[in-house]
Amino acid sequence: MNAPLQPLYTNDVSPEYLRSLDNPHFTEQQIAQFHEHAQLVVRQQQAYIDAHPAIAIFRCATEGSHTRNGGVIQQGTGPLEFKLENGRSVRVAKKGDYVLYVDGSTAQIITGAGQDNNDVALVGSMLSNGDEIINTPQGGYVFIAREGESMGEDFLPSVAD
């Protein structure tokens, strides 16, 4: 009997999922029990979220992520490690890491989440051969794009052909 395949995640999500990212983390009853300064911080954060709703996500690419043309990230060198649903641990990839193809060729990841985010590779990161990362085995760690807010100049920059 074959083991179940690990799910692969993309950046494609439903409007309902995006709205769920904006849901308050605490009830008013919970907030009322917080210290005054904590109440202020929580309410400011929710006001920011209400003013800038989630419009997209970008998942972190890890070992086991695939590219459009059939490449796979074999080894990530990023600072984060994720435990997958099947119990396996994978390390996040970074700009500069390599993707391996079935024919033995490699390509380097050339875009990511930017310097402020440790140049973590993302679903959507481009490779030196023009390929693109299209999925990841981890579904939980995402960067959230918010309406009216910039992700940063070096966050998944376009690559001139």
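Predicted model: local features only at pLDDT ≥ 70, side-chain atom pairs only at ≥ 80, totals over all residues.
Me: What makes up the chain, read along the sequence?
Reply: The chain has three helices and seven strands, and they follow the pattern α-α-α-β-β-β-β-β-β-β. The C-alpha trace spans about 60 × 45 × 30 Å along its principal axes.

Me: How do you know that the length of helix α3 agrees with its number of residues?
Reply: Helix α3 has 16 residues, 36-51, and at 1.5 Å a residue these should span 22 Å. The end C-alpha atoms of α3 are 23 Å apart, so the two values agree.

Me: Which residues of α3 are buried, and how do you know which side they are on?
Reply: Gln 39, Val 42, Gln 46 and Ile 49 are buried in α3. They cover an arc of only 95° around the axis, so they sit on the same side of α3. The general rule is that an α-helix has 3.6 residues a turn, so residues three or four places apart point the same way. The face turned away from the buried side of α3 carries Glu 36 and His 37, which are exposed.

Me: What covers the buried residues of α3?
Reply: The cover includes α2 (28-32) and β7 (142-146).

Me: Why are β2 and β5 called a pair?
Reply: Two strands count as paired if there are at least two bridges between them. β2 and β5 (residues 98-100) have two bridges, in the antiparallel sense, so they meet that cut-off. In β5, Leu 100 is the bridge partner of Val 72.

Me: What makes β2 and β6 edge strands?
Reply: The open sheet has three strands in the order β2-β5-β6, with antiparallel pairing. β2 (72-73) and β6 (106-108) each pair on one side only, and they are the edge strands.

Me: Why is Tyr 9 called partly exposed?
Reply: Buried means under 20% relative accessible area and exposed means over 50%. Tyr 9 has 21%, so it falls in between and is partly exposed. Tyr 9 is found in the segment before α1 (15-20). Leaving aside neighbours within four places in sequence, Tyr 9 is in contact with residues including Arg 59, Glu 85, Val 123 and Ile 134.

Me: Which residues form the largest nonpolar core, and what makes a set of residues a core?
Reply: A nonpolar core is a set of buried residues of nonpolar kinds, such as Val, Phe and Cys, joined through side-chain atoms within 4.5 Å. The largest has twelve residues, among them Phe 58, Cys 60, Phe 82, Val 92 and Phe 155. A second, separate core has ten residues, including Ala 107, Ile 109, Ala 121 and Leu 127.

Me: What does Val 92 touch?
Reply: Not counting residues up to four places away in sequence, Val 92 touches Cys 60, Phe 82 and Val 120, among others.

Me: How much of the chain counts as buried?
Reply: Of the 161 residues, 37% count as buried.

Notes
Residues numbered from 1 in each chain as written. Heavy atoms only, no water. Helix = DSSP H or I, 4+ residues; strand = E, 2+ residues; numbered from the N terminus. Expected span 1.5 Å × (residues − 1). Buried < 20%, exposed > 50% of the residue type's maximum accessible area, 1.4 Å probe, protein only. Arc of directions from axis to C-beta. Contact = heavy atoms within 4.5 Å.
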